[in-house]
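These are my notebook entries on one protein model. I set down what I looked up, entry by entry.

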Amino acid sequence: MALLSHYYFSFAGRMKTFEELRIIFFGTPDFAVASLNALVNAGAKIVTVVTAPDKPAGRGMQLQASAVKQYAESKGLPLLQPEKMKDSAFLETLRQLGADLQVVVAFRMMPEVVWNMPPMGTINVHGSLLPQYRGAAPINWAIINGETETGVTTFKLKHEIDTGDILLQQKVPILPKDNAGTLHDKLMYAGAELLVKTVKGLAAGILNEVPQDVNPRKEIKNAPKIFKDGLQIDWEKTSAEINNFIRGMSPYPTACTVLGGKTVKIYRAHYQPEHHSLQPGAYDTDHDTYLRFVAKDGWVYIDELQQEGKKRLDVKSFLNGFRG
């Protein structure tokens, strides 16, 4: 049964409005920046922003601030960068801030002592239509699995990852030419818009918290983290499956294969089913306009690729210097 969310806080004898709610925002990458910016532009009271500590990056391994930190500093927002989420000084700082609500977007795992602290709890923005694609890589896996639709979900945090009660959802189509990068941006902005709508709905007490519908007769697809050993293209799969895999890995972490004894990253491709008796994984090229690989049921034509140690190129430019 859905529970109606009503939050009554004493504020001069009345309920707090959206603009009066004290909010702590947790996030790290660009995906989170869009949500934080949407809250700021809507007039939300962000009492502090929590993000990851600066980390060495790039060839010079210089300390680099997260995208969320850079945004927070540009807006003059208070900032915290705890090394450990259970650090006593950090926890005391959160308590002293007296937040009504916490918002988490693309952040690390949080202990219960943090997410259960504010009276309104902690809400998360997730890049899928939960309960589908729980996990670290929902955008990648939705494309890899050939979905034509995904979306964003706002929900309440609880013990098990991505299992909390749903507040709102918004569907987003996946187009044939979408890859992980373009879909990331679609969901980033859809999630930001949905977050503002969610916080306003919570402030007004008009949202229903709906438990996730996990029907044992319906397949639930998960979205586990993608590791380096899972980037190799399996040419034994169908041409459509391989094309989806390439799209789902582009531009990052990027599908790869071996060509001429060297690893190449594949960013874009198209496919053509065709009956054959050739060995999957073999390749064919005219050394001018096309480079294609044999799949289980046809050909996968490479459109954009990058050889290790080289620049990312369209296939014609690549073939100009290829001697395989």
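**Terms and basis.** I took contact to mean heavy atoms within 4.5 Å. The model is predicted, so I kept to local features with pLDDT of at least 70 and to side-chain atom pairs at pLDDT 80 or more, while totals for chains, interfaces and linings use all residues. Residues are numbered from 1 along each chain as its sequence is written, and side-chain values use heavy atoms, with hydrogens and water left out.

**Overall form.** I first looked up the secondary structure, which comes to eight helices and 17 strands. Helices (H or I, at least four residues) and strands (E, at least two) are DSSP runs, numbered from the N terminus. The C-alpha atoms fill a box of roughly 75 × 50 × 30 Å along the principal axes. Of the 324 residues, 50% count as buried; buried means under 20% relative accessible area, exposed over 50%, and partly exposed in between, with a 1.4 Å probe and protein chains only. Among contacts between residues at least 6 apart in sequence, 64% join residues at least 24 apart.

Which residues does Gln212 touch, leaving aside its neighbours within four places in sequence? I found Leu130, Pro131, Arg134, Asp162, Thr163, Gly164 and Ile166. Gln212 lies in the loop between β11 (207-209) and α7 (239-249). I count Gln212 as buried because its relative accessible area is 11%. Val210 is found in the loop between β11 and α7 as well, but Val210 is partly exposed, at 37%. The C-alpha atoms of Val210 and Ile166 are 5.0 Å apart, although 44 residues separate them along the chain.

**Nonpolar cores.** A nonpolar core is a set of buried Ala, Val, Leu, Ile, Met, Phe, Trp, Tyr and Cys residues joined through side-chain atoms within 4.5 Å. The largest holds 48 residues, of which Phe25, Leu39, Ile46, Val103, Leu195 and Val199 touch the most other members. Helix α6 (residues 180-204) gives the most to this core, 12 residues. I then noted a second, separate core of 26 residues, with Ile144, Ile242, Met249 and Ala255 among them. Beyond four places in sequence, Val103 contacts Ile23, Ile24, Phe25, Phe26, Leu39, Ile123, Leu195 and Val199.

**Ala180.** This residue is in helix α6. Is Ala180 buried or exposed? Ala180 is buried, with a relative accessible area of 7%. Not counting residues up to four places away, Ala180 touches Ile139, Asn140, Ile143, Arg247, Gly248, Ser250 and Tyr252. Trp141 is 39 residues from Ala180 in sequence, and their C-alpha atoms are 9.0 Å apart.

**Helix α1.** I checked the length of α1 (residues 30-41): its 12 residues should span 16 Å at 1.5 Å a residue, and its end C-alpha atoms are 16 Å apart, which agrees. The expected span is 1.5 Å times one less than the number of residues. The buried residues of α1 are Phe31, Ala32, Val33, Ala34, Ser35, Leu36, Ala38 and Leu39. They pack against β2 (22-27), β3 (45-50), α2 (67-75), β7 (101-105), α5 (138-144) and α6. Just after α1, Gly43 takes a positive phi of about 95°.

**α1 against α2.** How do these helices pack? Their angle is about 25° and their axes are 8 Å apart; axes are lines fitted to C-alpha atoms over the stretch in contact, and angles run from 0 to 180 degrees between N-to-C directions. The contact is made by Asp30, Ala32, Val33, Leu36, Asn37 and Val40 of α1 and Ala67, Val68 and Tyr71 of α2.
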